[in-house]
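The following exercises concern a single protein chain.

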Amino acid sequence: MNISEVARKTGLTSKAIRFYEEKGLVTPPLRSDNGYRTYSAKQLEELTLLRQARQVGFNLDECREMVSLLNDPQRHSADVKARTLEKVKEIESHIEQLTQMRLRLLDMAASCPGDDSADCPIINHLAGCCTTKKPA
């Protein structure tokens, strides 16, 4: 298979495929005499795993591990499950952080009159200023 066919089958762009190759995340494809890459079912499977792993939040190093596990006939499903559950915990932590950020932003927005005045409690808060008015 050539790169455009692999791109179509995996849902990746040719650029992404070359990037993953450059980073050593996939088994290097064979090269024909004219220098074109020739992909096998193995690279197709690795690239499909990479696309799907990235879609659920695995970073490049974690993807490298998953490809390694894919290619390891001695792997244990318990190892794959453990890595997946670690990712779930990480995502849950990010969700909690994002929820806290959202609540802080909503609190700041609620404190702002949103009118034509230059005084803005949001700016004051973000800049670390006190919100009390200066004496006249």
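**Exercise 1.** Leaving aside its neighbours within four places in sequence, with which residues is Glu62 in contact?

*Solution.* The model is predicted, so local features need pLDDT of at least 70, side-chain atom pairs count only at pLDDT 80 or more, and totals for chains, interfaces and linings use all residues. Residues are numbered from 1 along each chain as its sequence is written, and side-chain values use heavy atoms, with hydrogens and water left out.

Step 1. Locate the residue: Glu62 belongs to helix 4. Helices (H or I, at least four residues) and strands (E, at least two) are DSSP runs numbered from the N terminus.

Step 2. Apply the contact criterion, which is heavy atoms within 4.5 Å. With neighbours within four places in sequence set aside, the partners of Glu62 are Gly57, Lys87 and Glu90.

Step 3. Classify the burial. Buried means under 20% relative accessible area, exposed over 50%, and partly exposed in between (1.4 Å probe, protein chains only). Glu62 has a relative accessible area of 18% and is therefore buried.

**Exercise 2.** Determine the secondary-structure content of the protein chain and its order along the sequence.

*Solution.* Step 1. Count the elements: the chain has six helices and two strands.

Step 1. Read them along the sequence, which gives the pattern α-α-β-β-α-α-α-α.

**Exercise 3.** Describe the largest nonpolar core and the surroundings of Leu47.

Step 1. Identify the set. The largest such core holds 19 residues, and those with the most contacts inside it are Val6, Leu12, Ile17, Tyr20, Tyr39, Leu47 and Leu50. At least two residues of this core come from each of helix 1 (3-10), helix 2 (14-22), helix 3 (41-55) and helix 4 (60-70).

Step 2. Examine Leu47. Neighbours within four places in sequence aside, Leu47 is in contact with Val6, Thr10, Leu12, Ile17, Tyr20, Val26 and Tyr39.

**Exercise 4.** Which residues do Glu21 and Pro29 contact, leaving aside neighbours up to four places away in sequence?

Step 1. Glu21 touches Val26, Pro29, Arg37 and Tyr39. Pro29 is in contact with Glu21, Arg37, Thr38, Tyr39 and Gln43.

Step 2. Glu21 counts as buried because its relative accessibility is 16%; Pro29 counts as buried because its value is 11%.

**Exercise 5.** Is Glu92 buried, partly exposed or exposed, and how do Leu69 and Pro121 compare with the cut-offs?

*Solution.* Step 1. Glu92 lies in helix 5 (residues 77-111). Its relative accessible area is 48%, so Glu92 is partly exposed. The C-alpha atoms of Glu92 and Leu49, 43 residues apart along the chain, are separated by 22 Å.

Step 1. Leu69 is in helix 4 and counts as buried because its relative accessibility is 11%. Beyond four places in sequence, Leu69 touches Arg75, Val80 and Arg83. Its C-alpha atom is 8.6 Å from that of Asp79, ten residues away along the chain.

Step 2. Pro121 is in helix 6 (residues 121-127) and counts as buried because its relative accessibility is 15%. With neighbours within four places set aside, its contacts are Ser111, Cys112 and Pro113. Pro121 and Ala109 are 8.4 Å apart, C-alpha to C-alpha, and twelve residues apart in sequence.

**Exercise 6.** What are the overall dimensions and burial of the protein chain?

*Solution.* Step 1. Compare the radius of gyration, taken over C-alpha atoms, with the globule rule of 2.2 Å times the number of residues to the power 0.38. A compact globule of 136 residues would have a value near 14 Å, whereas the chain has 24 Å.

Step 1. Along its principal axes, the C-alpha trace spans about 80 × 40 × 20 Å.

Step 2. Of the 136 residues, 22% count as buried. Among contacts with a separation of 6 or more, 44% join residues 24 or more positions apart.

Terms used
Core = buried A, V, L, I, M, F, W, Y, C linked by side-chain atoms within 4.5 Å.
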